[in-house]
Amino acid sequence: MAVAGAMLAAAVAATAGPVQAAAPNIIVNGGFEDGLAGWFTNNGNATDGATLSPTTDAYAGASAVLVTDRKTTGSGPMQDLSGKVQAGKTYAITARVKYENPNSPATKQFFATMHYGGSTYTNVGTVTVARGQWGLIQGTFTIPAGQSVTTARLFFETPWTSNPASAPDTHLMDFKVDDVSVSEFVPSTTIEALGKNPGEGNPLISHKFGADGNAFVHDGRVYIYMTNDTQEYKPGPNGVSPTNTYGGINTITVISSDDLMNWVDHGEIPVAGPNGIARYANNSWAPAMESKVVDGKEKFFLYFANNGGGSGVIVGDSPVGPWHDERGNLLITSATPGASDGKNWLFDPGVFVDDDGQGYLVFGGGGDDGSRSAENTNHPKSTRVIKLGDDMISTKGSAEVIDAPLVFEAGHLFKRDGKYYYSYSSNFGFGGTIDPNGPPTGAIAYLMADSPMGPWTPETYKGIIFRNPGTYFGAGGNNHQSVFKLDGQYYFTYHAQTLNSRITGGATQGFRSPHLAKLDFNADGTIKEVKGDYKGVEQIRNLDPYRVIEAETIAWQQGIATKKVDGGSEEFGAQAPNLVVHDIDNGDWTSLAKVDFGENGATGVTAKVRPLVAGGKIEIRLDGRTSPVVATIPVDAPLGEWTKLTAKLDGVKGVHDVYFTYAGPEGADLFEIDSWSFAANPSSSPKVKLTVTASSRCIGTSAYVAVTAVNAGDAPATVTLNTPFGTKTVTDVAPGKQAYQSFNTRAAQVDAGTVTVTGTATIGGKQVTTSYDAAYTAATCR
Ligand SMILES: [Ca+2]
Ligand SMILES: [Ca+2]
Ligand SMILES: [Ca+2]
């Protein structure tokens, strides 16, 4: 895992994150701190020869190795790795080299080379280094699957030449080696790059991917169900994954938020495949969610595409499960009346329940008949709408054709102000001339009608909602959308390969991330086109810290991953899945946006953590990940056990972004975090409640400052009015009554200023004094 991070850092230095812990070093005495133990001179050829000796001129530690008296270019320090490395495995290598001969070239190339016996030599790492400086050999290599490793030796050398003795300063110079390491490359899917910039809303999450987001609002939260692209994400030693084929995807990722900035990771629903809820299905793409009360119980229906061949549904007890298979087979197949024309795909279910409780499913796509005709391109008629049974897991009647211009996939049905909207993704061209009156290719377009069943004719086409993501983000590709309403505002979900491109520094391999945008309408109900961006939408409410907050609630982060653990969620209930944050290295961090600590502030922060190594700590910072530390939780507790650790907070009030930055031994997996909670300052000390006003005025040519203090509390108070022009005390001001005085400034003019009013009362058996300031304006009297 370390190596993935290291390679990534090398590839995209600007965005790469901290490096993950390394597998053990296979090299013995790689730092030459034990002299020459484990090392000898390469002896692969009879002519090879050199002298190794320890030197105190080390890159690290107290010593390195010096190679002198080299007979061949291959003459250098060697270590025997026979039996320690395996064919077919990938290894990471690092080493430092240096040469100083003033008669040598200004720069020189060095190799790390594996000699597998016989004449099989393979360069596994290289660096061109400037004379007098330590250079870094860093790379990965895979031992070929058929390679015998009964002989496997690693050595350092300069480039081969037939007659090196003709120019010994160029080819046979002395050199030094230090800090040699070879460790197995362990693939990791942890994303170490910064994928979502602090302050921005898109992509919604940056520690995993998620495509085809379908939004579902329940009890003031929006849940987003997504095709789990992360299942296909397998970055190699260079940090880049092979292209997403979708073929291995059989789970659905769920996130939720009630503020649209802090997203809770609810993990993955095992939908299809041998371990899935719907074992009859192979894949779970493009989910769609609705709920309905059936037989007096609210049920949650999650529809999914079993690749292109059909669509299924599983049933949940809540938006996050538990999940059941109530049907036993696919809901939409070629046997569904009206569904198939023999060439369309039966995927991409979109579900809608009307106000009368009647459910509808739109589905379908594709439909290229190979004719390359304009008719087939612009009107493939490959998508459908069908009524759902009252149980939501059956269909009623026959599917009706939706004739959406240039339709391809991603159908979605919603209702607003009595109008029904069918939105969809347009195709990328089937070879015929594309009708300029329809949408552009690869865009999200829509139809409007007066009924969920349409009829959805080309005449109902109203335009586009969203152009291809390539318009805004460089990387294009397919798209998929949904529309939801939260707190009176409509929103639009789409996806883009933004995290993918940030990981690689530009290139994409089909890994998609969820985005949000506001969706606004014209007076006639048509939709204003949405623009893609990284900013996303505004956070719609502050986060309340005085409760359990799952640690998998994240606004922005770098370097962490999440995983499901046994047991339910403290925040979402015993039936809800619980995740923890893991793969936490020194330098990784997570954050919460706009946390409202209130006027009285917080007195402490508690983390439920599982220490994995001694010496880890959690630092709490406000409003930036490099801001001053306001509290530190030392993660000192028995290793491997869940425990709650607390740090005091002092003076943290008001609204702040909270950053948790993680520190500890370099190269170690530090700890896992399950949840956070903050403690509120228990009592603001009681206060004498006064409503204080001050004003200036003229009486004749004299300026006066008038002060009024109304007792807004429940107890009689003694009130003192302090001004630059005098003081007045009124005792026993009853609740609702006031103390008043107009102070003569004895001048014709008064500057703006402030009065101070103190109230003293007995509250809860204690004498309490509270002060208030009030400003008055300037006055000039003449
Ligand atoms: Ca050393
Ligand atoms: Ca990490
Ligand atoms: Ca948790």
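For orientation, ideal angles at a metal are 109.5 degrees for four tetrahedral donors, and 90 or 180 degrees for six octahedral ones. The model is a predicted one, in which local features need pLDDT of at least 70 and side-chain atom pairs count only at pLDDT 80 or more, while totals for chains, interfaces and linings use all residues. Residues are numbered from 1 along each chain as its sequence is written, chains are lettered from A and ligands numbered from 1 in the order in which they are written, and side-chain values use heavy atoms, with hydrogens and water left out.

Glutamate 33, in the loop between α1 (2–11) and β1 (40–41), and serine 63, in the loop between β2 (51–55) and β3 (64–68), are 30 residues apart and link distant parts of the chain, where helices (H or I, at least four residues) and strands (E, at least two) are DSSP runs numbered from the N terminus. Glutamate 33 is partly exposed at a relative accessible area of 41%, whereas serine 63 is buried at 11%; buried means under 20% relative accessible area, exposed over 50%, and partly exposed in between (1.4 Å probe, protein chains only).

A further stretch is marked in a record: an unreviewed UniProt entry lists residues 547–679 as "domain: CBM6", with positions given in the numbering used here, feature names shortened, and annotations that may be inferred rather than shown by experiment. Over residues 547–679 the chain is 0% helix and 64% strand, with the end C-alpha atoms 8 Å apart. The calcium ion (ligand 2) is coordinated at 2.2 to 3.0 Å by Gly559 (O), Asp583 (O), Asp583 (OD), Asp585 (OD) and Asp588 (OD), residues spaced G-x23-D-x1-D-x2-D in sequence. Aspartate 583 is buried at 3% relative accessibility, and aspartate 585 is buried at 1%.

Glutamate 552 is buried, with a relative accessible area of 2%, and asparagine 578 is buried at 4%.

Aromatic side chains give 36 pairs, counted where the rings of Phe, Tyr and Trp (its six-membered ring) have centres within 6.5 Å, with planes under 30 degrees apart taken as stacked, over 60 as edge-to-face and the rest as tilted. Tyrosine 472 and phenylalanine 473 have ring centres 6.3 Å apart and planes at 65°, so their pair is edge-to-face. Both belong to one aromatic cluster that also includes Phe466, Phe492, Tyr494 and Tyr534. Tyrosine 472 is partly exposed at 22%, while phenylalanine 473 is buried at 10%.

One disulfide is counted, a disulfide being a pair of cysteine sulfur atoms within 2.5 Å. Cysteine 698 and cysteine 781 form this bond, with their sulfur atoms 1.9 Å apart, and the torsion about the S-S bond is about -85°, so the disulfide is left-handed. Cysteine 698 lies in strand β43 (residues 690–699) and cysteine 781 in the segment after β51 (779–780), so the pair ties together parts that are 83 residues apart in sequence. Cysteine 698 is partly exposed at 37%, but cysteine 781 is buried at 4%.

Note on methods: Donors are N, O and S atoms within 2.8 Å of the metal (3.2 Å for Na, K and Ca); water is not among the atoms, so sites may look incomplete.
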